[in-house]
Amino acid sequence: MTWTTADIPAQDGRTALVTGVSVGGLGYFTALELARVGAHVVLAGRSPDKVADAEKAILEEVPAARLERLLVDLASLESVREAASSYADPLDLLVNNAGIMAPPYAESVDGFESQLATNHFGPFLLTGLLLPRLREGGRVVTVSSQMHRVATKAPLGDPRAKPRPYLRWLAYSRTKLANLLFTFELDRRLRAGARRVVALAAHPGYAGTHLMANGRFGRSSGGVASIVDAVNRRFSQSPAAGAWPTLMAATADLPGSTYCGPSGPGEAYGTPQVVGCSRLARDREAARRLWEISEQATEIRYP
C-alpha cells in the first residue's frame with residue numbers, strides 16, 4: 001500500500017522538534033507538514049534569520065500553525081548544551097535532520113572534523129540531552145543517506161585526528177553510516193530500558209536541496225555554485241518529496257529501527273517505503289564502539 005502525506009494522522013497535542021529548517025530544505029518541508037496536521041513544531045537552526053524565515057513561510061501557508069524557535073549550532077557542543085537547557089517542555093518527536101555535505105576540510109570548535117561534528121556528534125548530544133523530555137510513545141527520527149553504503153568502515157578512530165588524505169565524500173558517507181549505527185543502537189538501548197520511545201531513520205533519495213552546492217562552495221548561488229545547484233535540482237525530486245520518508249518514519253505505525261526511503265529505482269525518488277541498509281549499518285559491535293566513542297567525545301552519559 002502506497003504511503004502519502006494524506007496518511008499522516010492528526011498531530012494535535014503533540015510537539016515535534018525539527019533541526020535544519022531553512023526554507024526549501026528537507027527540514028522545512030518536514031516541519032511544514034507536521035504543522036499542517038496540528039503539531040506544535042519547534043524550528044531549530046543555527047541562523048536566527050533562517051529560522052525566522054522558515055517560521056514566516058510556514059505561517060503564510062498554515063496561518064494557524066503553532067511554532068516556536070530554537071537556536072542551535074550542531075557543530076558546537078556548547079551550543080547544543082545551551083539549546084537543550086533552554087528547552088524545558090515535553091516532546092513527542094525529535095527529527096535530527098540538519099547536516100552538511102562534503103565541504104572542504106575544517107574543524108569544529110571542539111576539534112572534530114566538521115561533518116562528523118555536525119552530522120553525528122551534535123545530534124548524538126542533542127538527542128541524549130532531550131531524551132528525558134520525550135514522552136512515552138515518542139520517537140527519534142534521524143536522517144541518513146544512501147551514501148552510507150559507500151562507507152567501508154565506521155568512524156571509530158580518534159575523532160580529533162586529522163584524516164590524511166581528507167576525502168570529503170568518504171567522510172560524508174561515514175557520518176551517514178554513523179546516523180544508522182546510532183539509530184539502531186539507540187533503539188536497542190531504549191527497548192532494554194523498557195522505555196516506550198523508539199528510534200527510526202530515513203533517507204530522502206536524490207532530493208533537490210541546496211545541500212550539495214552549500215557543501216562544495218559554502219553557498220548555493222553565484223558562479224559555479226549556481227550551476228551545480230541548478231543541475232542538481234533539474235535531475236532530482238523536489239525537497240518536498242524528499243521529506244516524505246522522514247514524515248513516514250515520524251508518523252506511521254512502524255516499529256523501532258525501521259529505515260524509510262523512496263520506492264523508486266535505486267531509492268532515488270518516489271513514494272516512501274520501508275527500505276534496507278548496508279550490512280555494516282547493522283553491525284552491533286561497530287554500533288557499540290561508536291556509542292562509547294560518542295559518549296566520550298560529547299561528555300554525555302545517556303540515561
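**Exercise 1.** Which strands does H5 lie across, and at about what angle does H5 run to S6?

*Solution.* The model is a predicted one. Step one is to list the strands: H5 lies across S4, S5, S6 and strand S7 (259-262). Step two is the direction: H5 runs at about 160° to S6. Helix H9 (residues 244-251) can be treated in the same way. H9 lies across S4, S5, S6, S7 and S8, and runs at about 160° to S5.

**Exercise 2.** State the order of the strands in the open sheet and name its edge strands.

*Solution.* Begin with the order: 8 strands form the open sheet as S3-S2-S1-S4-S5-S6-S7-S8, with mixed pairing. Next come the edges, strand S3 (66-71) and strand S8 (272-274), each of which pairs on one side only. On average, neighbouring strands of this sheet are turned by 20° against each other, direction ignored. Arg 139 stands opposite Val 198 in S6.

**Exercise 3.** Classify the ring pair of Tyr 105 and Tyr 166, and decide whether each residue is buried or partly exposed.

*Solution.* The structure holds 9 aromatic pairs. In one of them, the ring centres of Tyr 105 and Tyr 166 are 5.0 Å apart and the planes stand at 75°. Planes over 60 degrees apart count as edge-to-face, so the pair of Tyr 105 and Tyr 166 is edge-to-face.

Now locate the partners. Tyr 105 is in the loop between strand S4 (91-96) and helix H4 (114-130), while Tyr 166 is in the loop between strand S5 (134-143) and helix H5 (168-192). The two are 61 residues apart, and the pair links distant parts of the chain.

Last, the accessibility. Buried means under 20% relative accessible area. Tyr 166, at 18%, is therefore buried, whereas Tyr 105, at 24%, counts as partly exposed.

**Exercise 4.** What sits over the ring of Phe 184?

*Solution.* The charged end of Arg 282 sits there, 3.7 Å from the centre of the Phe 184 ring.

Definitions and conventions:
Residues are numbered from 1 along each chain as its sequence is written. This is a predicted model: local features need pLDDT of at least 70, side-chain atom pairs count only at pLDDT 80 or more; totals for chains, interfaces and linings use all residues. Side-chain values use heavy atoms; hydrogens and water are left out. Rings of Phe, Tyr and Trp (its six-membered ring) pair if their centres lie within 6.5 Å; planes under 30 degrees apart count as stacked, over 60 as edge-to-face and the rest as tilted. Helices (H or I, at least four residues) and strands (E, at least two) are DSSP runs, numbered from the N terminus. Buried means under 20% relative accessible area, exposed over 50%, partly exposed in between (1.4 Å probe, protein chains only). A charge sits over a ring if NZ of Lys or CZ of Arg is within 6 Å of the ring centre and within 35 degrees of the ring normal. Two strands pair if DSSP finds at least two bridges between them. Axes are lines fitted to C-alpha atoms, for helices over the stretch in contact, and angles run from 0 to 180 degrees between N-to-C directions. Contact means heavy atoms within 4.5 Å.
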